Amino acid sequence: MNKQEQERTPLFTALLEHAKRDPIQFHIPGHKKGSGMAREFRDFVGPNALSIDLINITPLDDLHSPRGIIKEAQELAAKAFGADYTFFTVQGTTGAIITMIMSVVGPGDKILVPRNVHKSVSAAIILSGAEPVFMHPELDPKLGIAHGVSYDTVRQTLDEHPDAKGLLLINPTYFGISCDLKRIVDLAHERGIPVVVDEAHGVHIHFHEKLPLSAMQAGADMAATSVHKLGGSMTQSSVLNVKEGLVNVDHVQAILSMLTTTSTSYLLLASLDVARKNLAIHGRELIDEAIKMAEYAREEINKIEGLYCFGREILHNSSVYDMDPLKLTVSVKDLGISGYDVERILREEFNIEVELSDLYNILCIVTVGDTQENVDALIIALRRIAERHVYQTGKPIIQVHLPEMPKLAMSPRQAFYSQTEMVKFDEAVGRTFAEMVMVYPPGIPILLPGEIITKENIEYIREHMEAGLPVQGPDDPNIEYVKVVKG
């Protein structure tokens, strides 16, 4: 990577020059640099942002068929991320994940996926008509979360399904855990199977040696990467990194175009261009400071009675092989309260928002945008919450339990498009589910279309609902009734 070359921002620079010209606009967007919108919003957002809220007019290139400044910006991004090609997306990493899967599998093709995938993977499987072969991730009985899949699990599944057309991996997981990615990629490539990676939470790992290997460093064929999550671009902006060989790059571009709005946001695209520059030029030093803050926070949190924030001590095999220290997963179950309770207290009493909570944990993310003051505020708040609860006599001890992996009775696409009927959820045991249900975030489905509903699944979902967690997915928002395959 040539750092001098990475100083360039062809897309953002061209937008600034276009705004400086201040042309008379007879094209959309209709707000015409803000003059045609409500004053309160215009005054808050400001004229600079609105002046580059533009569309794909000729001087500004076209994301669907880039030949100018967008092409240049994507080429610089490819060099920064170690890819052969990089595609910008304004459909979030969800759009990039669906593109990846539809690029390697079609109707009836098998794709190997961990069961703890994001709902976007499930959506891609439904849209593509592929047949998922689910692999068991390692479940952590102490924390109540799923980690990665092991090398042996992947090898055994490949042995059992030699006709598989693709393998999807998560690197890292929402909670920051990485599997032995390079070894698994090499195994799949020995069999001619492309590896696509959900790297939604790993844009930064490519830029620091203390972090897990990125998908491109490990030799994966594609990686859907959220620049907005941890890389400094605006929300909804992501990249799709591709290596040539086992995937057809032109086919990837065609599918991405099918899934992408024709009214692409140049604000989002420009933020990707500048975020790439920042990561390439300053990423290592900025991430280094963030790691120091996160490790300090981890150390201080682990001094608080009743709390536990895991570190490298939990790494022990190919499914829990490496970790991102910027993810602070704080187990609160020994306080006798749920993660959701702690999230609510942090919001209401300390004005602190966390990434997510579940029955047992909260997840806090430290980034290059944080300060020591922010981190200290979190530590002080957690200390006060713990002091309030840890000395309560007779407090209930929360027992961790994890849902079983449901059995797949038919393909998700077949179930989704089958004739269905609504039944009471509590009476749906043994039926084939025709919807998705998940807690979001993190958006990992508890039940997928095509899976057989068990009593344990229902109890697990009800427990989350009763705790106040955001359970969503089915047509009935109250999940009193669910959609199942008819007959």
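Is E300 buried or exposed? At 15% relative accessibility, E300 counts as buried, where buried means under 20% relative accessible area, exposed means over 50%, and partly exposed is in between (1.4 Å probe, protein chains only). Keep in mind that this is a predicted model, so local features need pLDDT of at least 70 and side-chain atom pairs count only at pLDDT 80 or more, while totals for chains, interfaces and linings use all residues. Residues are numbered from 1 along each chain as its sequence is written, and side-chain values use heavy atoms, with hydrogens and water left out.

**Salt bridges**

- The structure holds 29 salt bridges, a salt bridge being a side-chain nitrogen of Lys or Arg within 4 Å of a carboxyl oxygen of Asp or Glu.
- E300 pairs up with R383, and the closest N and O atoms of this salt bridge are 3.8 Å apart. It's a link between distant parts of the chain, with R383 in helix α14 (residues 372-390) and E300 in helix α12 (residues 266-301), 83 residues apart.
- Helices here are DSSP runs (H or I, at least four residues), as are strands (E, at least two), and both are numbered from the N terminus.
- R388 and E349 form another salt bridge, with 2.8 Å between the closest N and O atoms. Here too distant parts of the chain are linked: R388 sits in helix α14 and E349 in helix α13 (residues 339-350), 39 residues apart.
- Both ends of that pair are partly exposed, R388 at 38% relative accessibility and E349 at 45%.
- E75 and K71 meet through their side chains in a salt bridge (2.6 Å, N to O). They are separated by about one helical turn because they sit four residues apart in helix α5.
- D152, R155, D159 and R191 join up in a network of salt bridges.

**The second largest pocket**

- This pocket has a volume of about 230 Å³. On a 1 Å grid over the protein atoms alone, a pocket is an open set of points where a 1.4 Å probe fits, with protein on both sides within 12 Å along at least five of seven lines. Grid points are joined across faces, edges and corners, and the volume is the space filled by probe spheres set on the points.
- Its lining has 13 residues, with Q74, Y85, F87, V249 and Q253 nearest the centre; lining residues have an atom within 4 Å of a point.
- Helix α5 (69-81), β1 (85-89) and α11 (249-259) each give at least two lining residues, and the largest share, four residues, comes from α5.

- Most residues other than glycine have a negative phi, and most peptide bonds are trans.
- The peptide bond from Y440 to P441 is cis, with omega near -10°, and the one from P441 to P442 is cis as well, with omega near 15°.
- You'll find P441 in the loop between β17 (437-439) and β18 (444-447), and P442 is in the loop between β17 and β18 too.
- D22 has a positive phi, near 55°, and lies in the loop between α2 (10-21) and α3.
- I479 also has a positive phi, near 55°; this residue is in the loop between β19 (471-472) and β20 (481-485).
- D22 is partly exposed at 48% relative accessibility, whereas I479 is buried at 1% relative accessible area.
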